[in-house]
Amino acid sequence: RRLPWPPFPLDRTVGRAPEKTLHPKQRSARSPFMKNEFANSPGGKPGRDRVVVRAAKPRRRLAYRPLATNRHREVGMATSTNLVLRRHVIAALVLGAVTASILFDLVPTAPASTVREFRPTAIAAAPPPTETVLVRLPAANRDRALRQAARDVRARQSADADPGQALARARHLMAVMRQSGDARLAGYAESLLIAPALAALPAARLALADLYQHQHRFEAAENLLAELRQRAAGEVTVWLLSANVARVQGRLADAMAACNQAQRLELSAWTAVCRADLLMLRGDDQAWSQLHQTLAGLDRRVVDGDAALAGWLGDLADRAGAPEQAERYFKRAMLLGASPYVVDRYLRFLIERGELDAAQNIMQWWLVRHPDEQRVSQVNQVLLASARGNPEQAQQLAQRFVAGSVPASENSDRVHWRELTRVALATEPGATQALLLARENWSRQKEPVDARLLAQAAAQSRAADVSDQLRAELRRLGMQGVLDNLVREGLV
């Protein structure tokens, strides 16, 4: 059979190729990639001009290794290097173009006068009620939520055209914010919730009030909730959020009234826990057992399947003097996907009980799942280093946390006063700075943990007058249960 000569230039330096080739009409129907096929050059003798064509591997069809017999020596393999280089160059150009387009989409466009670069050591303030962009995200950020947030801020007009989509995106940003602790997401969520198209939606106003409560902007949250209590009086979530805002500020009577109204509308696990929490703050010793009886009559799938509810029950069990039950609830919350606040509460529970190895394991697990989260990890790393007797490491970690937590204006609502107080108490016990931070934190929020921090700072600084003032204020606020726990621990 006569086969075509290999369709590629041979290497003339290795061997001499026959001078004559086959005519196109003399090509064989058999595949040229089969082994041990013979081809005779026209005009040559069969025994002298016969060559063997061996095919390369199927994945490299551009490379052949023809072999010559008789007077022809072996001819080397010729490769298509130029074609391979062209393909690599084209692929690199296409990849560069795609990457450039993606990075261009990630950066929100805005006038140069309204944009400031993000600094990792500062917390970005929430944007005012305008369409200005305060933060330009780094192009190398790999968080999908932050990428989508940048697109949301840039696509403000399209969000106004679709209020349902804007509300869903704002709620998603708030959920990611609570998981990651990134304060920038609060600004992006607010930029969506203050859009004119969402002003008439009660659900959007409720989400905005929840955001203000998270930022400790209690006055703005109270104004929105007062409006919602008139427009959406039948919503249980409105009354539960009203109770929480009042409880954080120490107004237990208003909080109890809101909880009772929510329970009249719907008897659920959340309304029962809300009322039991306030009763325990007042010093009711039977509130914890009554809560268990109430929860036993509810749907266990709802009670046992909520991570936030499990974390709240763990806090109540710890305050009620039931550490075994508290640890069970905390572990359940961790398995269900706890928020940073529940993880922080569980770590504080373990460190206070001296279970440092268990706290370290929880910390490592949290860092693996949330490597970008800073607040919980840094604070508890300071506490663990101090508890293990390593003051130098605790000081270094504390300096890093303080540098990233205090913005340019110390009057900002986003300063983590509680965390700063905990770090100061762990690294500088007895210092005046810790007492000042604890008093500032107590003036802004009045939860049981804040009262305990102030009592610890006063005890370490031997400030008896501050302890007396705290005792009197707890009695005035009606927090007899908090006072009893502090007396039991010997802090006041």
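**View 1. Aspartate 450 in helix H21.** Aspartate 450 is buried, at a relative accessible area of 0% (buried means under 20% relative accessible area, exposed over 50%, partly exposed in between; 1.4 Å probe, protein chains only). The residue belongs to helix H21, residues 448-461 (helices are DSSP runs of H or I with at least four residues, strands are runs of E with at least two, and both are numbered from the N terminus). Leaving aside residues up to four places away in sequence, aspartate 450 touches Arg418, Asn441, Trp442 and Gln445; contact means heavy atoms within 4.5 Å. This is a predicted model, in which local features need pLDDT of at least 70, side-chain atom pairs count only at pLDDT 80 or more, and totals for chains, interfaces and linings use all residues. Residues are numbered from 1 along each chain as its sequence is written, and side-chain values use heavy atoms, with hydrogens and water left out.

**View 2. Helix H19, residues 417-427.** Eleven of the eleven residues of H19 are buried, so the helix is largely enclosed by the rest of the structure. Among them are the charged-type side chains' positions Arg418, Glu419 and Arg422. Trp417, Leu420, Val423 and Leu425 of H19 are buried too.

**View 3. Glutamate 440 in helix H20.** Glutamate 440 is found in H20, residues 432-444. With 29% relative accessibility, glutamate 440 counts as partly exposed.

**View 4. Packing of helices H20 and H22.** H20 packs with helix H22 (residues 464-477) at an angle of about 15°, and the axes are 13 Å apart. Axes are lines fitted to C-alpha atoms, for helices over the stretch in contact, and angles run from 0 to 180 degrees between N-to-C directions. H20 is therefore roughly parallel to H22 (under 35 degrees is roughly parallel, over 145 roughly antiparallel, 65 to 115 roughly perpendicular, and the rest oblique). The crossing of H20 and H22 is left-handed, meaning that the near helix is turned anticlockwise from the far one by less than a right angle; clockwise would be right-handed. Leu435, Arg439 and Trp442 of H20 make the contact with Val466, Gln469, Leu470, Glu473, Leu474 and Leu477 of H22. These residues divide into six nonpolar, one polar and two charged (Ala, Val, Leu, Ile, Met, Phe, Trp, Tyr, Cys and Pro count as nonpolar, Asp, Glu, Lys and Arg as charged, and the others, Gly among them, as polar).

**View 5. Packing of helices H5 and H6.** H5 (residues 184-193) and H6 (residues 202-214) pack at about 150°, with axes 10 Å apart. The two helices are therefore roughly antiparallel, and their crossing is left-handed. From H5, Ala186, Ala189, Glu190 and Leu193 meet Ala204, Ala207, Leu208, Leu211 and Tyr212 in H6. By class, this contact has eight nonpolar, no polar and one charged residues.

**View 6. The disulfide between cysteine 259 and cysteine 274.** The S to S distance in this disulfide is 1.6 Å, where a disulfide is a pair of cysteine sulfur atoms within 2.5 Å. Cysteine 259 lies in helix H9 (residues 252-265) and cysteine 274 in helix H10 (residues 269-282), 15 residues apart. Both ends are buried: cysteine 259 has a relative accessible area of 0%, and cysteine 274 is at 6%. By this rule the count comes to one disulfide.
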